[in-house]
Amino acid sequence: MNRITINPSRSTGTINRNIYGHFSEHLGRCIYGGIYVGEDSPIPNVNGMRTDVVEALKAIGIPVLRWPGGCFADEYHWQDGIGPKESRKRMVNTNWGHVVEDNSFGTHEFLELCRQLGCEPYINANVGSGTVREMAEWVEYLNSEGDSTVVRQRWANGRQEPWGVKYWGVGNESWGCGGNMRPEYYADEYRRYQTYCRDYPGSKLYRIACGASVADYNWTEVLMERAGRYMDAITLHHYSVTGPGWENKGKATVFDKSEYYELLNHAAYMDELVTNHSKIMDRYDPEKRVGLIVDEWGSWHQVEDGTNPGFLYQQNTMRDAMVAAITLNIFNRHCDRVVMANLAQTVNVLQSVVLTDGDKLVKTPTWHVFDLYKAHQDAQAVDCYVETDRISEAKGKAEGKWAVDRITASASVKDGAVTLTMANCSMDEAATVTVAVPNTGKVEGHILTGRADAYNDFDDSPLAAAPFTGFTAKRTGLSVKLPPCSVVALTIA
């Protein structure tokens with residue numbers, strides 16, 4: 001039996017709109033050719049930003065965008081990306097593909113992109129190869145109104161008023177590509193760096209510490225104990241993969257039933273990770289002042305054949321849409337601690353919401369999941385209790401290695417209406433779900449469904465959300481028929 005019980009009168013907190021955030025790194029074709037084509041490009045643009053990409057991201061209500069990395073952040077020096085483009089420093093991107101980075105997309109360009117999107121900027125600063133002074137002056141350049149040499153530099157580059165950037169990450173993956181630090185060492189470095197990131201009038205910073213990789217609970221323990229009182233949030237990274245090892249991942253579009261459930265199992269693992277890291281945080285911060293930010297998550301497959309291995313370009317199937325649905329439902333349910341998340345990455349990299357090829361653009365199945373879920377932004381999460389069975393690659397039984405819940409769901413209330421998002425995780429079996437919700441009024445629904453290996457390409461895009469009528473409404477609830485491999489959003493008056 002599959003049953004969902006919703007109690008609209010009992011809220012578990014506000015679903016921060018920033019949970020629906022994204023991540024843009026100087027990696028492959030995410031920035032160059034994906035987001036930014038330059039003012040002189042024949043591709044329609046405004047101040048160099050692709051018009052079609054901006055419109056696609058605005059349509060899903062992008063709330064916050066992280067930049068410039070990622071691993072790239074800890075070799076990025078912001079002074080290289082300001083001033084006249086022809087005189088900006090050139091470098092080789094040693095993390096991603098060993099291609100030349102000409103720094104034509106820098107601080108001013110990123111903040112112009114955020115202006116066009118109407119979203120908050122989240123800047124990840126360089127701790128691995130940078131200095132305290134470098135980060136402090138970046139904050140000053142962006143947020144200060146004072147008549148200093150650094151601010152005069154901003155004026156000379158065409159910006160009189162400060163931007164007032166709020167969200168600042170102090171290093172990225174400092175346990176790995178950001179410096180291979182021990183948690184004790186990074187905790188001290190974090191305390192030092194954040195000290196000199198000043199709050200300027202009208203610009204109070206939200207200081208974000210580099211958190212753990214997956215289940216490194218010791219990292220969270222050490223950071224919370226030694227630096228918790230100096231931070232506003234701490235991060236977590238977790239990717240969903242298949243295959244025998246990190247260096248030998250499975251393909252994006254070619255997989256069997258076992259690999260389908262393996263990927264979904266890895267996505268569902270996010271619930272255990274958030275729960276366990278939150279328990280550690282609760283011991284040091286029972287008032288939940290410090291937020292948890294999952295600023296890198298999503299599917300990570302082999303790159304597509306014939307593409308640069310360092311560009312991390314992969315297709316995006318209905319299987320990846322299921323990963324998005326599972327993960328966003330988890331974040332919604334943990335909104336008392338999770339205050340932001342950033343899907344990796346926005347365009348042309350990993351589990352992107354948009355793919356581009358020259359002047360062509362295609363919206364991935366993941367884009368459609370974000371579109372279905374956007375009503376949750378800033379809504380009140382409400383009790384959503386799911387009773388369901390476990391399924392796996394073993395003929396749909398729970399005994400297989402990669403068992404997952406058949407049904408995943410979350411619910412919220414805003415403007416007098418309940419939004420229920422749910423997914424049938426079965427690869428090949430339909431499911432009937434009983435939804436108990438009091439005083440059911442008018443119900444509207446939309447669905448995204450298709451074969452697990454189906455995807456949208458530039459010549460054929462079969463996957464898109466469509467009106468959904470596969471439910472019967474009664475005063476006390478609904479009976480919903482979910483096709484296999486489907487994501488549904490219902491609005492219940």
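Predicted model: local features only at pLDDT ≥ 70, side-chain atom pairs only at ≥ 80, totals over all residues.
Eight strands close into a barrel, in which the order is S2-S5-S8-S9-S10-S11-S12-S13. The pairing within this barrel is parallel. On average, and with direction ignored, neighbouring strands of the sheet are turned by 30° against each other. Strand S9, comprising residues 167–170, is joined to strand S10, comprising residues 206–213, by four bridges in the parallel sense. Val170 has Ala209 in S10 as its bridge partner.

Helix H8, formed by residues 318–333, lies across strands S11 (233–240), S12 (291–299) and S13 (338–344). Relative to S12, helix H8 runs at about 170°.

Packing between helices is illustrated by H3 and H4. Helix H3 spans residues 132–143 and helix H4 spans residues 149–156. The two helices pack at an angle of about 50°, and their axes are 8 Å apart. Because angles under 35 degrees count as roughly parallel and those from 65 to 115 as roughly perpendicular, H3 is therefore classed as oblique to H4. The crossing of the two helices is right-handed. On the H3 side, the contact involves Glu137, Glu140, Tyr141, Leu142 and Asn143, which meet Val150, Val151, Gln153 and Arg154 of H4. When these residues are sorted by class, the contact of H3 with H4 contains four nonpolar, two polar and three charged residues.

Definitions and conventions: Residues numbered from 1 in each chain as written. Heavy atoms only, no water. Axes fitted to C-alpha atoms, helices over the stretch in contact; angles between N-to-C directions. Parallel < 35°, antiparallel > 145°, perpendicular 65-115°, else oblique. Left-handed = near helix turned anticlockwise from the far one by under 90°. Contact = heavy atoms within 4.5 Å. Nonpolar A, V, L, I, M, F, W, Y, C, P; charged D, E, K, R; others polar. Pairing = 2+ DSSP bridges.
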